Amino acid sequence: EYNPINDTWTQKANIPGGVRLIATGVSIGNKGYVGLGIDQFPFTMKTYDDFWEYDPSLNIWTQKANFLGGPRGSAVGFSIGNKIYIGTGTDGTNGYNDFWEWDKALNVWTQKANVGGPQRNVAIGFSLNNFGYIGTGYQGTSGGLLNDFFEYNPANNIWSQKANFPGKPRAEAIAFVIGNRGFVGTGTDIPGQSSSVDMWKYIPESDTWIQVANYG
């Protein structure tokens, strides 16, 4: 747990279910959620479809209903209200662009409309003003890099393509929200050779991007 007031880290209870990387993490209110991912222990590769809720007040993890899209890593997720949305990713052989909604009250997964564009993994995702956004990433499992960007409307279960991310096509970028603006940047634009430090602000009202200061 990171405390920004005094700039300190405190170790918390380990996530159950096994060692993993390229998992997916989302928050709703004062609870955190982590699931999926891949364990690439030498000579084996196990993919996960489990899903866990973290209560920081009790420092306890509770298992929730398994993700119904199947085991995978490199998926992307965000929350809107009391629902979590997770999609895309790869199981190491297949790429995906399916998309699923988890209802916190019912602990039930429901498939929704596929994410726009091609199959992708290690994309970025965030929610803003009750809409979700997904973009960038690797196409399929070993395809090229993407810079497309899509908006999800949960009210009508429709994806709409928006202005492309204006930086170089990339994967493994990060995204976050401050106020009513989304921020996307860093990542790799040439796998294994080049990484990026540029950062961009997305303005949903005008569907425009503005470059901001590079990541330090």
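How do the residues of the lining of the largest pocket divide into nonpolar, polar and charged? I will come to that after a word on the model.

This is a predicted model, in which local features need pLDDT of at least 70 and side-chain atom pairs count only at pLDDT 80 or more, while totals for chains, interfaces and linings use all residues. Residues are numbered from 1 along each chain as its sequence is written, and side-chain values use heavy atoms, with hydrogens and water left out.

Now the pocket. A pocket here is an open set of points on a 1 Å grid over the protein atoms alone, where a 1.4 Å probe fits, with protein on both sides within 12 Å along at least five of seven lines; lining residues have an atom within 4 Å of a point. The largest pocket has a volume of about 250 Å³, volume being the space filled by probe spheres set on the points. It is lined by 16 residues, and those closest to its centre are Ala75, Val76, Ala123, Ile124 and Ala173. The lining divides into 10 nonpolar, 5 polar and 1 charged. Nonpolar covers Ala, Val, Leu, Ile, Met, Phe, Trp, Tyr, Cys and Pro; charged covers Asp, Glu, Lys and Arg; the others, Gly among them, are polar. At least two lining residues come from each of β3 (24-28), β9 (76-80), β14 (124-128) and β18 (174-178). Strands are DSSP runs of E, at least two residues long, numbered from the N terminus.

5 bridges join β14 to β15, and the two run antiparallel; strands pair if DSSP finds at least two bridges between them. Leucine 128 stands opposite phenylalanine 131 in β15. The hairpin of β14 and β15 has 2 residues between the strands, and asparagine 129 takes a positive phi near 55°. β15 also pairs in the antiparallel sense with β16 (residues 145-153), over 6 bridges. Because 7 of the 9 residues of β15 (residues 131-139) are buried, this strand is largely enclosed by the rest of the structure. Buried means under 20% relative accessible area, with a 1.4 Å probe and protein chains only.

Last, strand β7. Why is β7 largely enclosed by the rest of the structure? Because 5 of the 5 residues of β7 (residues 51-55) are buried. On one side these are Phe51, Glu53 and Asp55, and on the other Trp52 and Tyr54. β7 runs antiparallel to β4 (residues 31-35), joined by 4 bridges, with glycine 32 opposite tyrosine 54.

Technical notes. Buried < 20%, exposed > 50% of the residue type's maximum accessible area, 1.4 Å probe, protein only.
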